[in-house]
Amino acid sequence: FRKVGIDPPKGILLVGPPGCGKTMLAKAVASHTNASFIRMVGSELAQKYIGEGGRMVRELFSLAKDKSPAIIFLDEIDAIGKARSDVIADSGSAGREQGLLQLLTEMDGFFQDDQILIIGATNLSSALDDALLRPGRFDRIIHMGRPSPQNRLKILQVHAKGKPIDRSNEDALLAKVAELSIGYSGAELANLLNEAAILAVRKDSATIDLDIMKEAMSKIRVGLPSASLPDSEAKW
């Protein structure tokens, strides 16, 4: 890129619902590029007292420069980067805005030679301040939706390791679960397998079968049946 005069992006914004792997993707990028991974939650930078948020932002970028090449991952960036017109004036709004202004200043102040990339994550990009999204800051937006059936199968295969699943029937079982788990995020699929393993232990079952998987899905959606209900209602 540099040989032909292109400036690589400084900031990438990952947008998607909770549990879809935004943090995992940022960690994977750092791992594959042999870069230091520095994670900070936006709420930690949105300090109540004026000066605290700005100081933490400066220290964050100073640490990244010392550990260069580095990736700064700002999780829940909307906590500090909320549009200033949407912020209700209170005792903490001045400190929050000061942290945002320092973040904007730091993003403008470092150069590509510093080998720092900032990855932000949010569930709602429309809530962010326009100054964050202008070219030269977070000018690359990647939308991360819920996984497709094929990707759900791959996620299930990862989280099935170590679980008591009949290995001779594992492929068919996980393929069926991937088909049934429409709308599940990666985190919800991991939780589904964990709940199924818990049910298998409670039922003294040596392995997780399709019936147990379906029961785990029902448990996650509507909860366990109450022991105080009549049998007919409890079974429902």
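Colleague: Which residues does Asp75 contact, leaving aside its neighbours within four places in sequence?

Modeller: In this predicted model, Asp75 is in contact with Thr23, Arg39, Met40, Val41, Gly42 and Ala121. Asp75 itself is found in strand 3.

Colleague: What makes these residues contacts of Asp75?

Modeller: The cut-off does. Contact means heavy atoms within 4.5 Å. Thr23 and Ala121 are among the residues that pass this test with Asp75.

Colleague: Why is Asp75 called buried?

Modeller: Its relative accessible area is 9%. Buried means under 20%. Asp75 has 9%, so Asp75 counts as buried.

Colleague: How do you know that Arg39 and Asp75 form a salt bridge?

Modeller: Look at the side chains of Arg39 and Asp75, where the N to O distance is 2.9 Å. A salt bridge needs a side-chain nitrogen of Lys or Arg within 4 Å of a carboxyl oxygen of Asp or Glu. The pair of Arg39 and Asp75 meets that test.

Colleague: Is Arg39 buried or partly exposed?

Modeller: Arg39 has 44% relative accessibility, so Arg39 counts as partly exposed.

Colleague: How many salt bridges does the structure hold?

Modeller: The structure holds ten. One of them joins Arg137 to Asp108, with the closest N and O atoms 2.4 Å apart. This pair links distant parts of the chain: Arg137 sits in the loop between helix 6 and strand 5, and Asp108 in helix 5, 29 residues apart.

Colleague: What makes Asp139 and Arg140 a salt bridge?

Modeller: Their side chains meet at 4.0 Å, N to O. The cut-off is within 4 Å, and the pair of Asp139 and Arg140 is counted as a salt bridge. Asp139 is partly exposed at 27%. Arg140 is partly exposed at 42%.

Colleague: Why is the pair of Phe37 and Phe73 called stacked?

Modeller: The structure holds one aromatic pair. The ring centres of Phe37 and Phe73 are 5.9 Å apart and their planes stand at 25 degrees, so the pair is stacked. Rings pair if their centres lie within 6.5 Å, and planes under 30 degrees apart count as stacked. Phe37 belongs to strand 2 and Phe73 to strand 3, 36 residues apart.

Colleague: Is Phe37 buried or partly exposed, and what about Phe73?

Modeller: Phe37 counts as partly exposed, at 27% relative accessibility. Phe73 is buried, with a relative accessible area of 0%.

Colleague: How do you know that strand 1 is largely enclosed by the rest of the structure?

Modeller: Five of its five residues are buried, so strand 1 is largely enclosed.

Colleague: Which strands pair with strand 1?

Modeller: Strand 4 pairs with strand 1 in the parallel sense over five bridges. Here Val15 stands opposite Thr122. Strand 5 also runs parallel to strand 1, joined by five bridges. There, Gly11 stands opposite Phe138. Two strands pair if at least two bridges are found between them, and five bridges are found for strand 4 and five for strand 5.

Colleague: Which residues touch the most other members of the largest nonpolar core?

Modeller: Ile72 and Leu74 do, in a core of 25 residues. Helix 3 gives the most to this core, with five residues. Ile72 touches residues including Ile38, Leu60, Phe61 and Ile118. A second, separate core has 20 residues, including Tyr184 and Met213.

Methods: Residues are numbered from 1 along each chain as its sequence is written. This is a predicted model: local features need pLDDT of at least 70, side-chain atom pairs count only at pLDDT 80 or more; totals for chains, interfaces and linings use all residues. Side-chain values use heavy atoms; hydrogens and water are left out. Buried means under 20% relative accessible area, exposed over 50%, partly exposed in between (1.4 Å probe, protein chains only). Helices (H or I, at least four residues) and strands (E, at least two) are DSSP runs, numbered from the N terminus. Rings of Phe, Tyr and Trp (its six-membered ring) pair if their centres lie within 6.5 Å; planes under 30 degrees apart count as stacked, over 60 as edge-to-face and the rest as tilted. A nonpolar core is a set of buried Ala, Val, Leu, Ile, Met, Phe, Trp, Tyr and Cys residues joined through side-chain atoms within 4.5 Å.
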